[in-house]
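Me: I'm new to reading protein models. Could you walk me through one, feature by feature?

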Amino acid sequence: MEAYKQEFVDFMLESGVLKFGDFTLKSGRKSPFFMNAGGYVTGSQLKKLGEFYAKAIHDRYGDDFDVLFGPAYKGIPLAVTTAMAFSELYGKEVRYCSDRKEEKDHGADKGSFLGTKLKDGDRVVMIEDVTTSGKSMEETVPKVKGAADVTIVGLMVSLDRHEKGKGDETALKEVSKLYGFPTAAIVSMPEVIGYLDLDPELKGRIDAYYEQYGPKEE
C-alpha cells in the first residue's frame, strides 16, 4: 500500500474520523466501523485532507481536468481545500464548483451552483467523502450534466467502505457502471484492515459484517 494511504489511515484515526465500535448506519445496517468526514474541523486538518485528496486524484486521474465538483454540503470544503492543494503540490490551477441545496434567485451569483460556472468542454472530477449507496450521485450527476456539455473524468471519495450498494457490487462500482465514469478512493476499508493491527474480537466482527454485507466476488 502506498505511503500516502498509510498516512491517511493514521490521519483518519488521529482526527477521530474513523472509529470502531457499534454503529447504526443511515441504511439501517449495524456496522463495527464508522467514518464521519465532518470530524475534520481545524485548518491543519483540512489542509492535510486536501493534500491527500490531491495526491489520490493525481495518482488516479492525472491533471487533465478543469474543475473539482463537491456536492453540497460536505463536498464544498472538500472541493475548495483540494483545489488549493492541487495548486500547491502540482502547480495546476483547477476551479471548484458545488451545487446549492436551495437555488439562489438574487445577486450576481444567483443560480444553482457555488464557485465557478461550468462551461462546455470542461473536464470535471467529482469529489465526495464516502459513497455507501450512490444516492448523492443520483442527485448530482444530472445537475452537472445539465449545466453544460462537460465530461466527468471520475469520482474520488476518501474511504471506500467496500460493501454492497443496491445490488451485489460495491456502491462505487455501481456508480461507475450506471454513469460510465471511473470511481476511486484514497483508501478502501480492506486496505485499512490490512494495515492496522486490530484485536481478534474486532477483526472477527468486521469479518462477520463483510460476510453479510460484502460485495459478491466476481
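This is a predicted model: local features need pLDDT of at least 70, side-chain atom pairs count only at pLDDT 80 or more; totals for chains, interfaces and linings use all residues.

Me: Which strands does strand 6 pair with, and how many bridges join them?

Reply: Strand 3 (residues 67-69) is joined to strand 6 by three bridges, and the two run parallel. Here Phe69 stands opposite Met126 of strand 6. Strand 6 is also joined to strand 7 (residues 151-160), by seven bridges, and these run parallel too. To trace that pairing, look for Arg123, whose bridge partner in strand 7 is Thr151, and then for Ile127, whose partner there is Met156.

Me: What about strand 7: how many of its residues are buried?

Reply: Nine of its ten residues are buried, so strand 7 counts as mostly covered: buried means under 20% relative accessible area. Strand 7 also has five bridges to strand 8 (residues 183-188), again running parallel. In that pairing, Val157 stands opposite Ala185 of strand 8.

Me: How should I picture the side chains along a strand?

Reply: In a regular strand, side chains alternate between the two faces of the sheet.

Me: Okay, next topic. Where in the chain is confidence lowest, and where is it highest?

Reply: Strand 4 (residues 95-104) has the lowest confidence, with a mean of 80, while strand 3 has the highest, at 98. The chain as a whole averages a pLDDT of 91, and 93% of the residues score at least 70.

Me: How do I find a nonpolar core, and which residues touch the most other members of the largest one?

Reply: You look for buried nonpolar residues joined through their side chains. The largest core here has 46 residues, and Phe8, Ile57 and Val192 touch the most other members. Helix 2 gives the largest share of this core, seven residues. Apart from this core lies another, of 18 residues, including Phe69 and Val157.

Me: What does Val192 touch, leaving out residues up to four places away in sequence?

Reply: Val192 touches Val9, Met12, Leu18, Leu159 and Val187.

Me: And the rings? How many aromatic pairs does a search of the whole structure find?

Reply: The search finds 13 aromatic pairs. Take Phe11 and Phe52, a tilted pair with 5.4 Å from centre to centre and 35° between the planes. This pair links distant parts of the chain: Phe11 belongs to helix 1 (residues 3-14) and Phe52 to helix 2 (residues 43-61), 41 residues apart.

Me: One last stop: which side chain does Gln212 make a polar contact with?

Reply: Gln212, in helix 7 (residues 200-213), makes a side-chain polar contact with the side chain of Tyr213, at 3.3 Å.

How values were computed:
Residues are numbered from 1 along each chain as its sequence is written. Side-chain values use heavy atoms; hydrogens and water are left out. Two strands pair if DSSP finds at least two bridges between them. Helices (H or I, at least four residues) and strands (E, at least two) are DSSP runs, numbered from the N terminus. pLDDT is the predictor's confidence in each residue, from 0 to 100. Rings of Phe, Tyr and Trp (its six-membered ring) pair if their centres lie within 6.5 Å; planes under 30 degrees apart count as stacked, over 60 as edge-to-face and the rest as tilted. A nonpolar core is a set of buried Ala, Val, Leu, Ile, Met, Phe, Trp, Tyr and Cys residues joined through side-chain atoms within 4.5 Å. Buried means under 20% relative accessible area, exposed over 50%, partly exposed in between (1.4 Å probe, protein chains only). Contact means heavy atoms within 4.5 Å. A polar contact is a pair of N or O atoms within 3.5 Å; within protein, one must be able to donate a hydrogen and the other to accept it, and residues adjacent in sequence count only if both atoms are side-chain atoms.
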